[in-house]
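Subject: Structure handover

Hello,

Here is the structure I promised you. Please open it first, then read my notes beside it.

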Amino acid sequence: MSPLVVLLILLLFSCSPSSSVPIGSRDILRAIDIDSNTGPDLHDAAVDLNTTNFDQVLRNTPATYAIVEFFAHWCPACRNYKPHYEKVARLFNGPDAVHPGIILMTRVDCASKINTRLCDNFSVGHYPMLLWGNPSKFVSGSWDPKKDKNEIRLIDDGRTAERLLNWINKQIGSFFSLDDQKFENDHLASNASDPEQIARAVYDIEEATSTAYDIILEQKMIKSETRASLIKFLQILVVHHPSRRCRKGSAEVLVNFDDLCPSDMGTPNKQEATDGNGKGALRNFQICGKEVPRGYWMFCRGSKNETRGFSCGLWILLHSLSVRIEDGESQLAFTAMCDFIHNFFICEECRQHFYEMCLSVSSPFNKTRDFALWLWSAHNKVNVRLIKEEASLGTGDPKFRKIIWPSKQLCPSCYFSLSKNNDGTSQIVWNRDEVFKFLVSYYGKMLVSLYKDKGLLGDDGTDRVSLEDLATTTNAVVVPVGAALAIALASCAFGALACFWRSQQKNRKYLHQLHSLKNI
């Protein structure tokens, strides 16, 4: 062996044995860079966009405003500006945002060839360049600096984090500061007297639906004795959830549910197989789409981390379902809702209290009105109990104290009379007809008004289908095939999904009778 070959071998073996970076790879530069850092980099708060996701992200964001930074990754000025932009973005973006849901801060790399046309559409003439506007105005949009009137504006004074935030404050009359801390929310206004704020809660309903689904999977709550109640509740979501994303996601879960969580899953062999493949595979389904959960609340955000949030979003979901069902569906929806809370709500005391109220109902519901008013009354009973407990323990949210709802300020016509008892409690005589009208408006049209404006509902903003058509005539379980057909006829967007579902159900051995679909 020649001396040169021996020398090369020694050089190769002198490299660190722990290094897995191939010789000549550019990854070695990244590895050296990582090793030289004293600590891990914080995750970028600004959302990276490109031509493939630009319209989708900006169309679906719950934020009221958007900022798009156009930059080039090779530009030294852009690299130097990034820490300033990120400092502001951390106030508004992501699960740790101090002021979530107000401004979506994004960036587009114009040096990437895929974004060439996108950057041309917005007349990018220098780096970095920041544009401001309503998110919907960016969708399939453009910006021309020569136009006198533009719905998208150039941010001309944002070269530092301080100056950018000052520019934002001037535009929307806010008082945001770089020193703002999460959950110190003295700026939050009470939403008790502003009915239009409920429109922002549609995003919280998505968040609550996704959170509930994740809890069910994480806590392994799907068992042979609980699967039927989950199927029933999912079928209600398929037909009546206010969010199209959640309706579609619920349908996708139902399509695959029997395969992943079979009815005989209680047997030892099936249980083992399901734990290994079924429930784990259910995690691959995002019940309200890939953008949810977002990690923050909007209408349901409390002034403290531990208040409101999930429980608030879940209550709004239940109320919205109660006013969207048809008369003939009310008892089925009531049973499904009670069973869902009883089997899957993880707070033991809360679910027991709720289920006791369910058991106190002596006769079946025949009207949507009766079911919606029962749920409203049950919610107020919960509030009465919590008002006393939170007052004695000091655990309530000081900015959002529990009240008997709706307040007279929010719905004056809901009250026949209001007086005080000797113990300080309120004595209210309700106009129940007016209360029902309020519930239908508040949790119906008003709740989905923001979604309707964004085009995320059906053409008429409803997608109504009768839930009766999803039930079997036996005392077994509700059969998913009906849900699939209902969705197929209710929305052409689910056509392909329904075809697949029907092929999956072709050899099923369920005994059922399919009712004719109506109200489509």
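Start with the contacts in the chain. A contact means heavy atoms within 4.5 Å. Among contacts between residues at least 6 apart in sequence, 71% join residues at least 24 apart.

Two notes before you go on. This is a predicted model, where local features need pLDDT of at least 70, side-chain atom pairs count only at pLDDT 80 or more, and totals for chains, interfaces and linings use all residues. Residues are numbered from 1 along each chain as its sequence is written, and side-chain values use heavy atoms, with hydrogens and water left out.

The overall picture

The chain has 19 helices and seven strands. Both are DSSP runs, numbered from the N terminus: helices are H or I with at least four residues, strands are E with at least two. The chain holds 520 residues, and 46% of them count as buried. Buried means under 20% relative accessible area, exposed means over 50%, and partly exposed lies in between (1.4 Å probe, protein chains only). The accessible surface comes to about 27,100 Å². Carbon and sulfur atoms account for 52% of that surface. These areas come from the Shrake-Rupley method with a 1.4 Å probe; for residues, only the protein chains shown count as cover.

Strand β4

Look at β4, residues 129-133. Five of its five residues are buried, so the strand is largely enclosed by the rest of the structure. Met129, Leu131 and Gly133 point one way, while Leu130 and Trp132 point the other way. In a regular strand the side chains alternate between the two faces of the sheet.

Which strands pair with β4? Strand β2 (residues 65-71) runs antiparallel to β4, joined by five bridges. There, Glu69 has Leu130 as its bridge partner. Strand β5 (residues 153-154) also pairs with β4 in the antiparallel sense, over two bridges. Here the partner of Trp132 is Arg153. Two strands pair if DSSP finds at least two bridges between them.

The largest pocket

Rolling a probe the size of a water molecule over the atoms shows where empty space is left. A pocket is an open set of points on a 1 Å grid over the protein atoms alone, where a 1.4 Å probe fits, with protein on both sides within 12 Å along at least five of seven lines; lining residues have an atom within 4 Å of a point. The largest pocket has a volume of about 1,200 Å³. Of its 41 lining residues, the closest to the centre are Ser311, Trp315, His379, Asn383 and Lys402. Helices α12 (310-324), α14 (348-359), α15 (368-393) and α16 (432-445) each supply at least two lining residues. The lining divides into 21 nonpolar, 10 polar and 10 charged residues.

Backbone details

Where are the cis peptide bonds? One joins Tyr127 and Pro128, with omega about -15°. Pro128 sits in the loop between α5 (116-121) and β4. Another joins Trp405 and Pro406, with omega about 0°. Pro406 lies in the loop between α15 and β6 (415-420).

Ser123 is not a glycine, yet its phi is positive, about 50°. Ser123 is in the loop between α5 and β4. Ser123 is partly exposed, with a relative accessible area of 28%. Lys220 also has a positive phi, near 50°. Lys220 is in the loop between α8 (201-218) and α9 (227-240). Lys220 is exposed, with a relative accessible area of 53%.

Best wishes

Terms used:
Grid points are joined across faces, edges and corners, and a volume is the space filled by probe spheres set on the points. Ala, Val, Leu, Ile, Met, Phe, Trp, Tyr, Cys and Pro count as nonpolar, Asp, Glu, Lys and Arg as charged, and the others, Gly among them, as polar.
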